[in-house]
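Thanks for making the time this morning; I would like to walk through one structure with you, going from its contacts between chains down to single residues. Please have the sequence and the model open while I talk.

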Amino acid sequence: MMTSALNIVMVCFVFLGCIPLIVSLYQFLLIGLHSFKNHYRLTGCHFPRVSILVPAWNEVNVLDSTIESLMDMSYPKGRMRIYIIDDASTDATPELMQEKMKKYAGNVFHIRRHKGGEGKAHTLNHGINEVLSEPWSEAFLIMDADVLFEKNALRKMARHLKDPEVGAVTAYIKEGSRPGILMTSFIDFEYITAQAASRRAQNILAFMACLAGGAQLHTRENLLAIGGRIDTSSLAEDTFTTFKTQLNGRKAIFDGNAIVWAEEPDNIDGLWKQRLRWARGNLQITKQYSHLWLNSKMHAHLGSVSFSFIWFSILLMPIFMILASIGLASLFFLDFPLSWQLFKMFWILNVVVYVFVTLFSFLIDPVSARQSWVAGIVFPGLISLCIIVLSYIPGLLEFLILENKKHQTWKTLELTSMMIILFMYLWLSLSMLAAYGAKVIEKIRFLKWLSKPMLLISGYGPLLCAITFNSYISELRGKEMKWDKTEKTGKVQIKS
Amino acid sequence: MNDQETYLKELNEDMQVEKKLWKKEILVFSVLTALVVVREVYLNEWFNFGV
(Lines give C-alpha, C1' and ligand atoms only; values in the text may rest on other atoms or scores of the structure.)
Protein backbone atom coordinates (compact mmCIF):
# COMPACT_ATOMS: atom_id res chain seq x y z
CA MET A 1 0.00 0.00 0.00
CA MET A 2 2.78 2.35 1.06
CA THR A 3 4.83 1.43 -2.02
CA SER A 4 1.97 1.98 -4.45
CA ALA A 5 1.24 5.40 -2.91
CA LEU A 6 4.91 6.26 -3.31
CA ASN A 7 4.76 5.01 -6.91
CA ILE A 8 1.85 7.34 -7.63
CA VAL A 9 3.72 10.30 -6.15
CA MET A 10 6.79 9.51 -8.26
CA VAL A 11 4.69 9.15 -11.41
CA CYS A 12 3.21 12.58 -10.65
CA PHE A 13 6.72 13.98 -10.35
CA VAL A 14 7.54 12.69 -13.82
CA PHE A 15 4.34 14.22 -15.20
CA LEU A 16 5.27 17.54 -13.63
CA GLY A 17 8.47 17.37 -15.69
CA CYS A 18 6.27 17.28 -18.80
CA ILE A 19 4.58 20.61 -17.98
CA PRO A 20 7.23 22.90 -19.54
CA LEU A 21 7.17 20.77 -22.69
CA ILE A 22 3.38 20.88 -22.96
CA VAL A 23 3.27 24.64 -22.30
CA SER A 24 5.93 25.21 -24.93
CA LEU A 25 3.96 23.15 -27.44
CA TYR A 26 0.77 25.01 -26.48
CA GLN A 27 2.37 28.38 -27.21
CA PHE A 28 3.80 27.26 -30.53
CA LEU A 29 0.47 25.75 -31.59
CA LEU A 30 -1.16 29.16 -31.07
CA ILE A 31 1.25 31.04 -33.31
CA GLY A 32 -0.49 30.03 -36.54
CA LEU A 33 -3.58 31.86 -35.28
CA HIS A 34 -1.64 35.12 -35.42
CA SER A 35 -2.37 35.02 -39.15
CA PHE A 36 -6.02 35.66 -38.34
CA LYS A 37 -6.01 37.35 -34.95
CA ASN A 38 -3.54 40.20 -34.69
CA HIS A 39 -3.57 43.88 -33.91
CA TYR A 40 -2.63 45.12 -37.39
CA ARG A 41 -6.25 45.71 -38.37
CA LEU A 42 -6.61 48.28 -35.60
CA THR A 43 -3.49 50.24 -36.51
CA GLY A 44 -3.37 53.50 -38.44
CA CYS A 45 -0.96 56.01 -39.90
CA HIS A 46 0.02 57.65 -36.66
CA PHE A 47 3.00 59.75 -35.62
CA PRO A 48 2.66 60.85 -32.01
CA ARG A 49 5.32 63.19 -30.63
CA VAL A 50 7.75 60.71 -29.12
CA SER A 51 10.33 61.34 -26.42
CA ILE A 52 13.00 58.67 -26.61
CA LEU A 53 14.50 57.97 -23.21
CA VAL A 54 17.94 56.37 -23.21
CA PRO A 55 19.43 55.65 -19.77
CA ALA A 56 23.20 55.54 -20.00
CA TRP A 57 26.01 54.91 -17.58
CA ASN A 58 29.45 54.92 -19.16
CA GLU A 59 28.06 53.92 -22.54
CA VAL A 60 30.27 56.08 -24.74
CA ASN A 61 31.24 53.00 -26.79
CA VAL A 62 27.69 52.51 -28.00
CA LEU A 63 25.95 55.88 -27.71
CA ASP A 64 27.31 57.30 -30.94
CA SER A 65 25.89 54.51 -33.11
CA THR A 66 22.66 54.44 -31.06
CA ILE A 67 21.99 58.15 -31.59
CA GLU A 68 22.91 57.89 -35.27
CA SER A 69 20.55 54.92 -35.76
CA LEU A 70 17.74 56.82 -34.01
CA MET A 71 18.29 59.93 -36.13
CA ASP A 72 18.37 57.73 -39.22
CA MET A 73 14.86 56.39 -38.54
CA SER A 74 12.12 57.20 -41.00
CA TYR A 75 10.10 59.05 -38.36
CA PRO A 76 9.28 62.75 -38.73
CA LYS A 77 12.19 64.56 -37.07
CA GLY A 78 9.91 67.28 -35.76
CA ARG A 79 8.00 64.63 -33.82
CA MET A 80 10.84 62.95 -31.99
CA ARG A 81 13.27 64.00 -29.30
CA ILE A 82 16.09 61.90 -27.94
CA TYR A 83 16.97 62.29 -24.27
CA ILE A 84 20.18 60.66 -23.14
CA ILE A 85 19.79 60.30 -19.38
CA ASP A 86 23.36 60.21 -18.23
CA ASP A 87 23.70 58.43 -14.89
CA ALA A 88 26.74 60.48 -13.82
CA SER A 89 28.98 58.74 -16.34
CA THR A 90 32.69 59.03 -15.73
CA ASP A 91 33.66 58.33 -19.34
CA ALA A 92 33.50 60.70 -22.32
CA THR A 93 29.67 60.70 -22.48
CA PRO A 94 29.33 64.47 -21.72
CA GLU A 95 31.79 65.38 -24.51
CA LEU A 96 30.02 63.09 -26.97
CA MET A 97 26.69 64.60 -26.01
CA GLN A 98 27.98 68.15 -26.59
CA GLU A 99 28.90 67.10 -30.10
CA LYS A 100 25.59 65.34 -30.76
CA MET A 101 23.47 68.19 -29.39
CA LYS A 102 25.28 70.57 -31.71
CA LYS A 103 24.81 68.23 -34.68
CA TYR A 104 21.15 67.48 -33.96
CA ALA A 105 19.97 70.66 -32.26
CA GLY A 106 16.33 70.38 -31.21
CA ASN A 107 16.36 66.60 -31.47
CA VAL A 108 19.04 65.40 -29.07
CA PHE A 109 19.13 66.38 -25.39
CA HIS A 110 21.43 65.53 -22.52
CA ILE A 111 20.01 65.08 -19.04
CA ARG A 112 22.79 64.49 -16.54
CA ARG A 113 22.48 63.14 -13.02
CA HIS A 114 25.20 64.32 -10.71
CA LYS A 115 24.95 61.34 -8.42
CA GLY A 116 24.36 58.00 -10.10
CA GLY A 117 24.91 54.27 -9.76
CA GLU A 118 21.40 53.44 -8.55
CA GLY A 119 20.46 51.42 -11.63
CA LYS A 120 18.40 51.76 -14.76
CA ALA A 121 14.99 52.39 -13.16
CA HIS A 122 16.24 55.32 -11.04
CA THR A 123 18.01 56.81 -14.04
CA LEU A 124 14.89 56.49 -16.18
CA ASN A 125 12.75 58.10 -13.48
CA HIS A 126 15.08 61.07 -13.36
CA GLY A 127 14.55 61.55 -17.10
CA ILE A 128 10.82 60.86 -16.99
CA ASN A 129 10.35 63.48 -14.26
CA GLU A 130 11.94 66.12 -16.44
CA VAL A 131 10.36 65.14 -19.75
CA LEU A 132 6.89 64.47 -18.38
CA SER A 133 6.77 67.93 -16.82
CA GLU A 134 6.51 69.37 -20.34
CA PRO A 135 3.31 68.75 -22.32
CA TRP A 136 5.18 68.14 -25.62
CA SER A 137 5.42 64.32 -25.44
CA GLU A 138 2.49 62.21 -26.54
CA ALA A 139 4.43 58.96 -26.22
CA PHE A 140 7.62 57.72 -24.60
CA LEU A 141 10.03 55.22 -26.05
CA ILE A 142 12.08 53.57 -23.31
CA MET A 143 15.14 51.80 -24.61
CA ASP A 144 18.66 50.64 -23.75
CA ALA A 145 21.77 52.53 -24.75
CA ASP A 146 23.10 49.72 -26.97
CA VAL A 147 19.91 49.11 -28.96
CA LEU A 148 19.93 49.98 -32.66
CA PHE A 149 16.56 50.62 -34.31
CA GLU A 150 15.83 49.62 -37.88
CA LYS A 151 14.71 52.60 -39.95
CA ASN A 152 11.02 51.79 -39.74
CA ALA A 153 10.94 50.26 -36.25
CA LEU A 154 9.48 53.28 -34.43
CA ARG A 155 6.93 53.92 -37.21
CA LYS A 156 5.81 50.31 -36.91
CA MET A 157 5.50 50.52 -33.15
CA ALA A 158 3.71 53.88 -33.20
CA ARG A 159 0.98 52.71 -35.62
CA HIS A 160 -0.48 50.53 -32.85
CA LEU A 161 -1.04 53.60 -30.66
CA LYS A 162 -3.79 54.68 -33.06
CA ASP A 163 -5.93 52.23 -31.10
CA PRO A 164 -6.84 54.14 -27.91
CA GLU A 165 -7.01 50.89 -25.93
CA VAL A 166 -3.28 50.27 -26.41
CA GLY A 167 -1.07 51.41 -23.57
CA ALA A 168 2.27 50.10 -24.72
CA VAL A 169 3.98 48.38 -27.64
CA THR A 170 7.18 46.39 -27.72
CA ALA A 171 9.44 45.46 -30.61
CA TYR A 172 11.30 42.29 -31.57
CA ILE A 173 14.79 42.56 -30.09
CA LYS A 174 17.39 40.57 -32.01
CA GLU A 175 20.94 39.72 -31.03
CA GLY A 176 23.14 41.81 -33.31
CA SER A 177 26.76 41.21 -32.25
CA ARG A 178 29.11 40.71 -35.13
CA PRO A 179 31.00 38.47 -35.51
CA GLY A 180 28.64 35.99 -33.88
CA ILE A 181 30.02 33.31 -31.55
CA LEU A 182 28.50 30.28 -29.82
CA MET A 183 26.96 32.24 -26.94
CA THR A 184 25.45 34.98 -29.12
CA SER A 185 24.12 32.33 -31.53
CA PHE A 186 22.36 30.61 -28.63
CA ILE A 187 20.84 33.95 -27.60
CA ASP A 188 19.92 34.66 -31.22
CA PHE A 189 17.94 31.41 -31.37
CA GLU A 190 16.52 31.87 -27.88
CA TYR A 191 15.11 35.26 -28.92
CA ILE A 192 13.27 33.70 -31.86
CA THR A 193 11.53 31.29 -29.49
CA ALA A 194 11.08 33.67 -26.56
CA GLN A 195 10.09 36.76 -28.53
CA ALA A 196 9.13 36.22 -32.16
CA ALA A 197 7.24 33.03 -31.28
CA SER A 198 6.16 33.26 -27.66
CA ARG A 199 5.09 36.91 -27.74
CA ARG A 200 2.96 36.30 -30.81
CA ALA A 201 1.22 33.55 -28.85
CA GLN A 202 0.74 36.05 -26.02
CA ASN A 203 -0.81 38.53 -28.49
CA ILE A 204 -3.34 35.80 -29.31
CA LEU A 205 -4.08 35.20 -25.65
CA ALA A 206 -4.43 38.97 -25.07
CA PHE A 207 -1.74 39.27 -22.43
CA MET A 208 1.93 40.12 -22.42
CA ALA A 209 4.34 38.75 -19.84
CA CYS A 210 7.00 41.35 -20.49
CA LEU A 211 7.53 44.37 -22.71
CA ALA A 212 11.18 44.16 -23.70
CA GLY A 213 13.11 46.67 -21.61
CA GLY A 214 15.20 47.59 -24.64
CA ALA A 215 12.28 48.83 -26.74
CA GLN A 216 8.96 49.75 -25.18
CA LEU A 217 6.73 52.54 -26.43
CA HIS A 218 4.16 53.95 -23.99
CA THR A 219 1.41 56.44 -24.50
CA ARG A 220 1.57 59.47 -22.20
CA GLU A 221 -1.74 58.41 -20.64
CA ASN A 222 -0.36 54.98 -19.87
CA LEU A 223 2.83 56.28 -18.32
CA LEU A 224 0.81 58.64 -16.13
CA ALA A 225 -1.63 55.85 -15.21
CA ILE A 226 1.16 53.59 -13.99
CA GLY A 227 2.33 56.36 -11.70
CA GLY A 228 4.51 58.40 -14.04
CA ARG A 229 7.54 56.44 -13.00
CA ILE A 230 9.27 53.11 -13.39
CA ASP A 231 9.19 50.66 -10.49
CA THR A 232 12.42 50.71 -8.48
CA SER A 233 11.55 48.05 -5.93
CA SER A 234 12.58 45.09 -8.09
CA LEU A 235 15.16 43.94 -10.59
CA ALA A 236 12.63 43.51 -13.39
CA GLU A 237 11.25 47.01 -13.83
CA ASP A 238 10.12 46.30 -17.39
CA THR A 239 7.91 43.39 -16.31
CA PHE A 240 6.38 45.51 -13.54
CA THR A 241 5.59 48.19 -16.11
CA THR A 242 4.01 45.53 -18.34
CA PHE A 243 1.82 44.18 -15.55
CA LYS A 244 0.74 47.65 -14.41
CA THR A 245 -0.14 48.66 -17.97
CA GLN A 246 -2.46 45.68 -18.35
CA LEU A 247 -3.90 45.85 -14.85
CA ASN A 248 -4.92 49.44 -15.63
CA GLY A 249 -7.03 48.07 -18.47
CA ARG A 250 -4.75 48.90 -21.39
CA LYS A 251 -3.39 46.52 -24.01
CA ALA A 252 0.28 45.64 -24.31
CA ILE A 253 1.14 44.64 -27.88
CA PHE A 254 4.13 42.89 -29.46
CA ASP A 255 5.00 43.80 -33.04
CA GLY A 256 7.26 41.10 -34.47
CA ASN A 257 7.94 43.17 -37.57
CA ALA A 258 9.31 46.17 -35.68
CA ILE A 259 12.90 45.06 -35.33
CA VAL A 260 15.67 46.40 -33.14
CA TRP A 261 19.17 45.03 -32.53
CA ALA A 262 20.93 44.68 -29.20
CA GLU A 263 24.29 43.55 -27.95
CA GLU A 264 23.98 40.59 -25.62
CA PRO A 265 26.59 38.94 -23.37
CA ASP A 266 29.22 36.91 -25.19
CA ASN A 267 30.26 34.71 -22.27
CA ILE A 268 28.57 32.53 -19.68
CA ASP A 269 29.43 34.77 -16.75
CA GLY A 270 27.94 37.86 -18.43
CA LEU A 271 24.79 35.96 -19.36
CA TRP A 272 24.54 34.53 -15.85
CA LYS A 273 24.59 38.00 -14.25
CA GLN A 274 22.04 39.39 -16.71
CA ARG A 275 19.62 36.49 -16.47
CA LEU A 276 19.99 36.14 -12.71
CA ARG A 277 18.79 39.73 -12.46
CA TRP A 278 15.82 38.94 -14.72
CA ALA A 279 14.97 35.71 -12.89
CA ARG A 280 15.16 37.36 -9.47
CA GLY A 281 12.96 40.15 -10.79
CA ASN A 282 10.40 37.58 -11.93
CA LEU A 283 10.39 35.95 -8.51
CA GLN A 284 9.83 39.35 -6.91
CA ILE A 285 6.92 39.97 -9.27
CA THR A 286 5.46 36.53 -8.56
CA LYS A 287 5.45 37.40 -4.87
CA GLN A 288 4.17 40.95 -5.29
CA TYR A 289 1.29 39.83 -7.54
CA SER A 290 0.50 36.66 -5.56
CA HIS A 291 -3.19 37.65 -5.55
CA LEU A 292 -3.26 37.72 -9.36
CA TRP A 293 -2.41 34.12 -10.21
CA LEU A 294 -5.37 32.06 -11.44
CA ASN A 295 -7.60 34.92 -10.40
CA SER A 296 -9.56 35.94 -13.47
CA LYS A 297 -11.69 38.29 -11.34
CA MET A 298 -8.58 40.38 -10.76
CA HIS A 299 -7.74 40.50 -14.47
CA ALA A 300 -9.40 38.45 -17.20
CA HIS A 301 -6.16 37.73 -19.04
CA LEU A 302 -3.31 38.02 -16.52
CA GLY A 303 -5.42 35.99 -14.10
CA SER A 304 -6.15 33.28 -16.66
CA VAL A 305 -5.03 29.67 -16.46
CA SER A 306 -3.02 30.12 -19.67
CA PHE A 307 -0.97 32.97 -18.27
CA SER A 308 -0.27 31.19 -15.00
CA PHE A 309 0.78 28.05 -16.87
CA ILE A 310 3.15 29.98 -19.12
CA TRP A 311 4.57 32.06 -16.28
CA PHE A 312 5.11 29.22 -13.82
CA SER A 313 6.33 26.70 -16.40
CA ILE A 314 9.34 28.98 -16.87
CA LEU A 315 9.69 30.12 -13.28
CA LEU A 316 9.48 26.61 -11.84
CA MET A 317 11.24 24.75 -14.64
CA PRO A 318 14.30 23.76 -12.55
CA ILE A 319 11.99 22.34 -9.86
CA PHE A 320 10.01 20.40 -12.46
CA MET A 321 13.23 18.97 -13.90
CA ILE A 322 14.56 17.97 -10.49
CA LEU A 323 11.24 16.37 -9.53
CA ALA A 324 11.13 14.43 -12.81
CA SER A 325 14.64 13.12 -12.13
CA ILE A 326 13.70 12.15 -8.59
CA GLY A 327 10.54 10.45 -9.87
CA LEU A 328 12.36 8.41 -12.50
CA ALA A 329 15.26 7.46 -10.22
CA SER A 330 12.93 6.39 -7.42
CA LEU A 331 10.74 4.36 -9.76
CA PHE A 332 13.92 2.71 -11.06
CA PHE A 333 14.15 0.97 -7.68
CA LEU A 334 10.45 0.71 -6.94
CA ASP A 335 9.08 -0.43 -10.28
CA PHE A 336 11.68 -0.64 -13.02
CA PRO A 337 9.37 -1.47 -16.00
CA LEU A 338 7.14 1.50 -15.11
CA SER A 339 10.14 3.83 -14.84
CA TRP A 340 11.35 2.71 -18.27
CA GLN A 341 7.92 3.30 -19.85
CA LEU A 342 7.69 6.77 -18.30
CA PHE A 343 11.23 7.61 -19.37
CA LYS A 344 10.43 6.66 -22.97
CA MET A 345 7.16 8.58 -22.88
CA PHE A 346 8.91 11.67 -21.53
CA TRP A 347 11.55 11.61 -24.24
CA ILE A 348 9.09 10.87 -27.06
CA LEU A 349 7.25 14.01 -25.94
CA ASN A 350 10.63 15.72 -25.99
CA VAL A 351 11.17 14.57 -29.60
CA VAL A 352 7.83 16.03 -30.68
CA VAL A 353 8.35 19.35 -28.88
CA TYR A 354 11.97 19.63 -30.01
CA VAL A 355 11.13 19.07 -33.68
CA PHE A 356 8.09 21.32 -33.58
CA VAL A 357 9.72 24.20 -31.73
CA THR A 358 13.06 24.10 -33.53
CA LEU A 359 11.65 23.79 -37.03
CA PHE A 360 8.90 26.34 -36.49
CA SER A 361 11.38 28.80 -34.98
CA PHE A 362 13.59 28.48 -38.05
CA LEU A 363 10.59 29.26 -40.24
CA ILE A 364 9.32 32.16 -38.13
CA ASP A 365 12.57 34.06 -38.50
CA PRO A 366 14.61 32.53 -41.33
CA VAL A 367 17.05 35.48 -41.34
CA SER A 368 18.16 34.87 -37.75
CA ALA A 369 17.91 31.12 -38.24
CA ARG A 370 20.54 31.30 -40.99
CA GLN A 371 22.97 32.60 -38.37
CA SER A 372 21.88 30.45 -35.46
CA TRP A 373 20.59 27.15 -36.84
CA VAL A 374 23.45 25.13 -35.31
CA ALA A 375 22.77 26.71 -31.91
CA GLY A 376 19.08 25.89 -32.41
CA ILE A 377 19.84 22.24 -33.05
CA VAL A 378 22.17 21.85 -30.06
CA PHE A 379 20.03 24.10 -27.82
CA PRO A 380 19.07 21.23 -25.43
CA GLY A 381 22.69 20.04 -25.28
CA LEU A 382 24.47 17.17 -27.00
CA ILE A 383 23.58 14.51 -24.43
CA SER A 384 19.89 15.40 -24.48
CA LEU A 385 20.08 15.49 -28.27
CA CYS A 386 21.52 11.95 -28.24
CA ILE A 387 18.66 10.74 -26.03
CA ILE A 388 16.17 12.48 -28.35
CA VAL A 389 17.64 10.70 -31.40
CA LEU A 390 17.82 7.34 -29.59
CA SER A 391 14.22 7.73 -28.45
CA TYR A 392 13.10 8.42 -32.00
CA ILE A 393 14.40 5.14 -33.39
CA PRO A 394 12.05 2.43 -32.09
CA GLY A 395 13.67 -0.31 -30.05
CA LEU A 396 17.13 1.22 -30.19
CA LEU A 397 17.34 2.14 -26.50
CA GLU A 398 16.21 -1.36 -25.49
CA PHE A 399 18.70 -2.88 -27.92
CA LEU A 400 21.65 -0.81 -26.73
CA ILE A 401 20.99 -0.72 -23.02
CA LEU A 402 18.72 -3.61 -22.10
CA GLU A 403 20.02 -6.00 -24.78
CA ASN A 404 16.35 -6.69 -25.58
CA LYS A 405 15.80 -8.52 -22.31
CA LYS A 406 12.71 -7.94 -20.23
CA HIS A 407 13.67 -6.84 -16.76
CA GLN A 408 11.02 -6.93 -14.06
CA THR A 409 13.40 -5.40 -11.54
CA TRP A 410 16.59 -3.35 -11.59
CA LYS A 411 18.40 -6.20 -9.81
CA THR A 412 18.65 -8.24 -13.00
CA LEU A 413 20.40 -5.41 -14.88
CA GLU A 414 24.10 -5.44 -15.71
CA LEU A 415 26.06 -2.88 -13.71
CA THR A 416 26.91 -0.85 -16.84
CA SER A 417 23.28 -0.78 -17.97
CA MET A 418 22.21 0.24 -14.51
CA MET A 419 24.68 3.13 -14.46
CA ILE A 420 23.68 4.33 -17.94
CA ILE A 421 19.98 4.19 -17.16
CA LEU A 422 20.36 6.04 -13.88
CA PHE A 423 22.54 8.63 -15.60
CA MET A 424 19.86 9.20 -18.26
CA TYR A 425 17.12 9.37 -15.62
CA LEU A 426 19.08 11.95 -13.65
CA TRP A 427 20.33 13.89 -16.67
CA LEU A 428 17.48 16.42 -16.46
CA SER A 429 19.00 17.63 -13.20
CA LEU A 430 22.63 16.80 -13.92
CA SER A 431 22.52 18.92 -17.09
CA MET A 432 21.88 22.00 -14.93
CA LEU A 433 24.83 21.06 -12.73
CA ALA A 434 27.00 20.57 -15.82
CA ALA A 435 25.91 23.97 -17.16
CA TYR A 436 26.85 25.52 -13.82
CA GLY A 437 30.19 23.72 -14.11
CA ALA A 438 30.73 25.36 -17.51
CA LYS A 439 30.22 28.72 -15.83
CA VAL A 440 32.64 27.90 -13.04
CA ILE A 441 35.46 26.67 -15.27
CA GLU A 442 35.08 29.67 -17.56
CA LYS A 443 36.72 31.66 -14.79
CA ILE A 444 39.63 29.24 -14.32
CA ARG A 445 42.37 30.38 -16.67
CA PHE A 446 43.87 27.01 -17.60
CA LEU A 447 40.46 25.28 -17.88
CA LYS A 448 38.66 28.07 -19.73
CA TRP A 449 38.93 26.21 -23.05
CA LEU A 450 36.73 23.44 -21.61
CA SER A 451 33.87 25.79 -20.88
CA LYS A 452 32.42 25.91 -24.43
CA PRO A 453 32.50 22.13 -25.03
CA MET A 454 30.89 21.69 -21.63
CA LEU A 455 28.15 24.18 -22.53
CA LEU A 456 27.57 22.31 -25.79
CA ILE A 457 27.28 19.03 -23.90
CA SER A 458 25.04 20.34 -21.13
CA GLY A 459 22.98 22.68 -23.33
CA TYR A 460 21.86 26.30 -23.29
CA GLY A 461 18.36 25.41 -22.03
CA PRO A 462 19.76 23.74 -18.88
CA LEU A 463 22.05 26.76 -18.41
CA LEU A 464 18.99 29.02 -18.22
CA CYS A 465 17.40 26.54 -15.78
CA ALA A 466 20.51 26.62 -13.61
CA ILE A 467 20.36 30.42 -13.53
CA THR A 468 16.71 30.29 -12.49
CA PHE A 469 17.65 27.87 -9.72
CA ASN A 470 20.36 30.29 -8.61
CA SER A 471 17.72 33.02 -8.44
CA TYR A 472 15.73 30.95 -5.89
CA ILE A 473 18.81 30.76 -3.69
CA SER A 474 19.59 34.47 -4.03
CA GLU A 475 16.02 35.44 -3.17
CA LEU A 476 15.83 33.00 -0.24
CA ARG A 477 19.05 34.40 1.13
CA GLY A 478 17.71 37.92 0.59
CA LYS A 479 20.83 38.81 -1.32
CA GLU A 480 21.32 42.49 -2.05
CA MET A 481 19.63 43.68 -5.25
CA LYS A 482 22.60 44.76 -7.30
CA TRP A 483 22.30 46.14 -10.80
CA ASP A 484 24.99 44.18 -12.63
CA LYS A 485 25.44 46.18 -15.78
CA THR A 486 25.98 44.10 -18.92
CA GLU A 487 29.16 45.22 -20.60
CA LYS A 488 28.56 46.78 -24.03
CA THR A 489 31.35 47.18 -26.52
CA GLY A 490 29.57 48.55 -29.58
CA LYS A 491 29.93 45.49 -31.82
CA VAL A 492 26.24 45.34 -32.63
CA GLN A 493 25.17 45.92 -36.24
CA ILE A 494 21.86 46.27 -38.01
CA LYS A 495 21.84 43.27 -40.31
CA SER A 496 19.09 44.11 -42.77
CA MET B 1 5.56 58.27 -51.29
CA ASN B 2 3.62 60.07 -48.55
CA ASP B 3 3.21 58.81 -45.00
CA GLN B 4 -0.17 57.24 -45.62
CA GLU B 5 1.12 55.30 -48.62
CA THR B 6 4.22 54.19 -46.71
CA TYR B 7 2.04 53.09 -43.82
CA LEU B 8 -0.20 51.04 -46.11
CA LYS B 9 2.79 49.51 -47.90
CA GLU B 10 4.46 48.49 -44.62
CA LEU B 11 1.18 47.22 -43.22
CA ASN B 12 0.60 45.11 -46.28
CA GLU B 13 4.11 43.63 -46.12
CA ASP B 14 3.75 42.84 -42.43
CA MET B 15 0.31 41.32 -42.90
CA GLN B 16 1.81 39.06 -45.55
CA VAL B 17 4.45 37.92 -43.05
CA GLU B 18 1.75 37.16 -40.50
CA LYS B 19 -0.50 35.46 -43.04
CA LYS B 20 2.28 32.99 -43.81
CA LEU B 21 2.46 31.82 -40.20
CA TRP B 22 -0.37 29.32 -40.39
CA LYS B 23 1.05 27.89 -43.61
CA LYS B 24 4.40 27.47 -41.88
CA GLU B 25 2.66 25.76 -39.00
CA ILE B 26 0.99 23.33 -41.40
CA LEU B 27 4.40 22.67 -42.95
CA VAL B 28 5.89 21.87 -39.53
CA PHE B 29 2.92 19.61 -38.78
CA SER B 30 3.51 17.82 -42.06
CA VAL B 31 7.16 17.24 -41.25
CA LEU B 32 6.23 15.98 -37.80
CA THR B 33 3.60 13.66 -39.24
CA ALA B 34 6.10 12.39 -41.79
CA LEU B 35 8.58 11.71 -38.98
CA VAL B 36 5.95 9.75 -37.06
CA VAL B 37 5.05 7.72 -40.17
CA VAL B 38 8.71 7.04 -40.91
CA ARG B 39 9.22 5.94 -37.31
CA GLU B 40 6.20 3.72 -37.07
CA VAL B 41 6.25 2.24 -40.56
CA TYR B 42 9.78 2.27 -41.94
CA LEU B 43 12.20 2.46 -39.02
CA ASN B 44 10.50 -0.51 -37.38
CA GLU B 45 11.28 -2.51 -40.52
CA TRP B 46 14.72 -1.13 -41.30
CA PHE B 47 16.09 -1.39 -37.79
CA ASN B 48 14.92 -4.71 -36.57
CA PHE B 49 16.27 -4.70 -33.07
CA GLY B 50 14.25 -7.76 -32.22
CA VAL B 51 11.87 -5.99 -29.90
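Predicted model: local features only at pLDDT ≥ 70, side-chain atom pairs only at ≥ 80, totals over all residues.

Let me start with the contact between the two chains, where 27 residues of chain A meet 26 residues of chain B. On the side of chain A that touches chain B, α12 and α15 (396-402) of chain A each supply at least two residues, and it is α12(A) that gives the most, with seven residues. Sorted by class, the residues on this side of chain A come out as 15 nonpolar, nine polar and three charged.

Turning to chain A as a whole, we have 18 helices and eight strands, and the C-alpha trace spans about 80 × 55 × 40 Å along its principal axes. The radius of gyration of chain A is 24 Å, which agrees with the value near 23 Å that a compact globule of 496 residues would have. Of those 496 residues, 50% count as buried. If we take the contacts in chain A between residues at least 6 apart in sequence, 82% of them join residues at least 24 apart.

Next, the domains. The domain assignment divides chain A into domain 1, made of 2-21 + 312-476, and domain 2, which covers 26-309. Their C-alpha centres lie 34 Å apart, and 32 residues of domain 1 of chain A are in contact with 26 residues of domain 2 of chain A. On the domain 1 side of that contact, the elements of chain A that each supply at least two residues are α10 (305-315), α12 (336-364), α13 (366-377), α16 (415-442), α17 (451-458) and α18 (460-476). The largest share on that side, eight residues, comes from α18(A). By class, the side of domain 1 of chain A that touches domain 2 of chain A has 15 nonpolar, 11 polar and six charged residues. You will notice that α12 of chain A is listed here, and that α12(A) also came up for the side that touches chain B.

Which residues of α2(A) are buried? They are V62(A), L63(A), T66(A), I67(A) and L70(A), and because they cover an arc of only 130° around the axis, they sit on the same side of α2(A). What covers these buried residues includes β1 (50-56), β2 (80-86), α3 (93-103), β3 (108-112) and β5 (148-149) of chain A.

The other helix is α3(A), in which T93(A), L96(A), M97(A) and K100(A) are buried. Seen down the axis of α3(A), these buried residues fall within an arc of 100°, so they line one face of the helix. On the other side of α3(A), E95(A), Q98(A) and K102(A) are exposed.

S198(A) is found in helix α6, residues 182-204, of chain A, and S198(A) counts as buried because 22 other C-beta atoms lie within 10 Å. Leaving aside its neighbours within four places in sequence, S198(A) is in contact with Q27(A) and T193(A). The C-alpha atoms of S198(A) and S24(A) are separated by 8.5 Å, although these residues are 174 residues apart along the chain.

The remaining two are residues other than glycine with a positive phi, namely A206(A), where phi is near 65°, and L294(A), where phi is near 55°. A206(A) lies in the loop between α6 and β7 (215-219) of chain A, while L294(A) has its place in the loop between α9 (268-288) and α10 of chain A. Are they buried or exposed? A206(A) has 17 C-beta neighbours inside 10 Å and so counts as partly exposed, whereas L294(A), with 12 such neighbours, counts as exposed.

Key:
Residues numbered from 1 in each chain as written. Chains lettered and ligands numbered in written order. Buried ≥ 20, exposed ≤ 12 C-beta atoms within 10 Å, placed from the backbone. Helix = DSSP H or I, 4+ residues; strand = E, 2+ residues; numbered from the N terminus. Arc of directions from axis to C-beta. Contact = placed C-beta atoms within 7 Å. Domains from an automatic or database assignment. Nonpolar A, V, L, I, M, F, W, Y, C, P; charged D, E, K, R; others polar. Rg over C-alpha atoms; globule rule 2.2 N^0.38 Å.
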